[in-house]
Amino acid sequence: MMLNDISTKVDVRKLVQTFYEKVASDDDLSKIFNTIIKTPELWEHHYEKLTDFWMMNLFQENGYEGQPMDIHLWVDLQMDYTISLQHFERWLELWKSTVNELFQGLIATKSINQADRLADVFHSRLAEIQKKYRQIVYK
C-alpha cells in the first residue's frame with residue numbers, strides 16, 4: 001500500500017497522537033509519561049504542544065513555544081534521575097515504527113532523522129546531569 005508523506009498540520013497531529021498513545025501504554029515508557037501527564041486534558045495539551053514542536057522542526061513553522069531540554073531535565077528530576085539510554089532507544093523505536101506505519105516520503109524520513117538527533121542530544125545532556133548528581137550525592 002502506498003502511503004502519503006507528512007504534509008499538513010493534520011498529518012503531524014495524527015503522527016504525534018498515534019505515537020503518544022503507544023507511549024502511554026508502553027511497558028518501558030508509560031511510567032514516565034503517565035506520572036507527568038495524568039489527565040486526558042494534559043494529554044491533549046501535550047499533543048497540541050508536540051504538534052507545534054514537530055511543525056517547527058519539519059516545516060519551520062512558528063507556533064512552538066517552550067524549552068524542550070528544560071522540560072526533559074525537569075521530568076528526569078521527577079523520576080529521580082532514572083531516565084536511561086534504553087528509554088530513549090524505546091522512544092525512538094516507537095517513533096520510527098509509527099512514522100513508517102502512517103507515512104512515507106522525504107518529510108517522514110526527515111522526522112525520523114530529527115527524532116534520532118533529538119534523542120541523542122537529550123540523552124547526552126541528561127546523562128551529563130545524572131553523572132554530576134551522582135558525584136554530589138555519592139561523594
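Predicted model: local features only at pLDDT ≥ 70, side-chain atom pairs only at ≥ 80, totals over all residues.
Let me start at the beginning of α1. There, a side-chain oxygen of Thr8 comes to within 3.3 Å of the backbone nitrogen of Val10.

Next, burial. Which residues of α1 are buried? They are Asp11, Val12, Leu15, Val16, Thr18, Phe19, Tyr20 and Val23. What do these buried residues pack against? Their partners are α2, residues 30-36, then α3, residues 40-59, and α5, residues 85-102. I will take two of those partners in turn, α3 and α5.

A word on how such pairs are described. Two packed helices are characterised by the angle between their axes and the distance between those axes.

For α1 and α3, the axes come within 9 Å and cross at roughly 130°. That angle makes α1 oblique to α3. The crossing is right-handed. On the α1 side, the residues that meet α3 are Lys9, Val12, Arg13, Val16, Gln17, Tyr20, Glu21 and Ala24. On the α3 side they include Trp43, His46, Tyr47, Leu50, Trp54, Met55, Leu58 and Phe59.

Now α1 and α5. Here the axes come within 10 Å and cross at roughly 135°. These helices are therefore oblique to each other, and their crossing is right-handed. From α1, the contact is made by Lys14, Leu15, Thr18, Phe19, Tyr20, Lys22 and Val23. From α5, it involves Trp91, Leu94, Trp95, Ser97, Thr98, Val99, Glu101 and Leu102.

My last stop is Gln114, which sits in helix α6, residues 106-137. Is Gln114 buried or exposed? Its relative accessibility is 14%, so Gln114 counts as buried, the cut-off being under 20%. Leaving aside residues up to four places away in sequence, Gln114 touches Trp54 and Asn57. With Asn57 there is a polar contact, side chain to side chain, at 3.0 Å.

Methods
Residues numbered from 1 in each chain as written. Heavy atoms only, no water. Buried < 20%, exposed > 50% of the residue type's maximum accessible area, 1.4 Å probe, protein only. Helix = DSSP H or I, 4+ residues; strand = E, 2+ residues; numbered from the N terminus. Contact = heavy atoms within 4.5 Å. Polar contact = N/O pair within 3.5 Å; in protein donor to acceptor, adjacent residues only side chain to side chain. Axes fitted to C-alpha atoms, helices over the stretch in contact; angles between N-to-C directions. Parallel < 35°, antiparallel > 145°, perpendicular 65-115°, else oblique. Left-handed = near helix turned anticlockwise from the far one by under 90°.
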